[in-house]
Amino acid sequence: MTIEFNSSQQIVFVLHGLNVTQINKHIYFSLTLILYILTIFVNLILIVTIFLEKMLHEPMYLFLCNLCINGIYGASAFYPKILYDLLFDSHVITYIGCMTQILVIYSYAFCEFTSLTVMAYDRYVAICKPLQYHSIMTTRKVWTLLLLTWLFSWLESGFGMGITARLPLCGVDIDKLYCSNWAVVKLSCVDTTLNNLYGFIATFSHISQMILIVISYVNIIKASLRSRAERKKFMQTCLPHLITLTNFTISLTFDVMFARYSSNTSLLALRNIMAVEFLVVPPLVNPIIYGMKLTRIRNRVGQMFKHKVAALT
């Protein structure tokens, strides 16, 4: 028997993605807490380093700083709830809590992809038009791009959440570790054509971004083949971006494909891993990859730690 909920205040979703024994629960909680603290720590190191070092107040580093801020933002939409569930054996979330989580997670994903597109454009101008770089990538343009990145992401995710919130629901069971837009849409009692259309338009817009990134990198690679200096610049500044982009795109694609087209409950463990990969790995790995590859950041972070160690001894 299907029950239709008349008010969103009646709805408390049940998250079925978490399936750990009482013994393993504390181990998973400890590991998850360590990952969350480490994620915040490595991102804050890069953010503080870039803000304190005036030599790093350049477009590439400001875009990287924005990527780290977005990493903390996205991780904080996932970790606190999963930690609470592990600690108190709670697997429920209120309707308002679910909608909020959807808004933050989706805006994080959209912001990440748009930020990577902007960073690709920045690298294209730096390598393909080096003499015009500072006249094109002005301070005003950089801040405008950053503002538009967040504005576009919030509007896109806000619209998606809005058309999902209008749906009457006939169920409360979500087979994920967190709330996702499509998981809630599937619980609807009515036609979801508008939601499907939104999904296809959003997908098309981000595929368009991917095409722009590919075009940028085709031109960057051509320019990099001209000299050893350009190849070195490509390896230092573009390779980390490519690794970040590839990792994020693959994990997000798998999550979308599993969410929309997989109905096999035996694959729940695999689906859970792929569903959280884009929330766990990029925020943790991005600052480490960039910190290791970008010489100026690596040197500055090394100096900061040396001064701290010297002060303690």
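Student: How much space lies in the largest cavity of this predicted model, and what is meant by a cavity?

Tutor: A cavity is a set of points on a 1 Å grid where a 1.4 Å probe fits but cannot get out, and its volume is the space filled by probe spheres set on the points. Here the largest cavity holds about 40 Å³ of space, and the structure has one cavity of 30 Å³ or more. This is a predicted model, in which local features need pLDDT of at least 70 and side-chain atom pairs pLDDT 80 or more, while totals for linings use all residues. Residues are numbered from 1 along each chain, and side-chain values use heavy atoms, without hydrogens or water.

Student: Which residues line the largest cavity?

Tutor: Lining residues have an atom within 4 Å of a point; in this case they are Met60, Phe63, Met119, Asp122, Arg123, Thr237, His241 and Tyr290. Helix α3 gives the largest share, three residues.

Student: How many disulfides does the structure have, and where do they lie?

Tutor: A disulfide is a covalent bond between the sulfur atoms of two cysteines, assigned here when the sulfur atoms lie within 2.5 Å. The whole structure has two. In one, the sulfur atoms of cysteine 98 and cysteine 179 are 2.1 Å apart, and the pair joins helix α3 to the loop between β3 and α6, 81 residues apart in sequence. In the other, cysteine 170 and cysteine 189 have their sulfur atoms 1.5 Å apart; cysteine 170 is in the loop between α5 and β3, and cysteine 189 in the loop between α6 and α7. The S-S torsion of cysteine 98 and cysteine 179 is about -120°, so that disulfide is left-handed, whereas the torsion of about 120° makes the bond of cysteine 170 and cysteine 189 right-handed.

Note on methods:
1 Å grid on protein atoms, 1.4 Å probe; cavity = no way out; pocket = protein on both sides within 12 Å on 5 of 7 lines; lining within 4 Å. Helix = DSSP H or I, 4+ residues; strand = E, 2+ residues; numbered from the N terminus.
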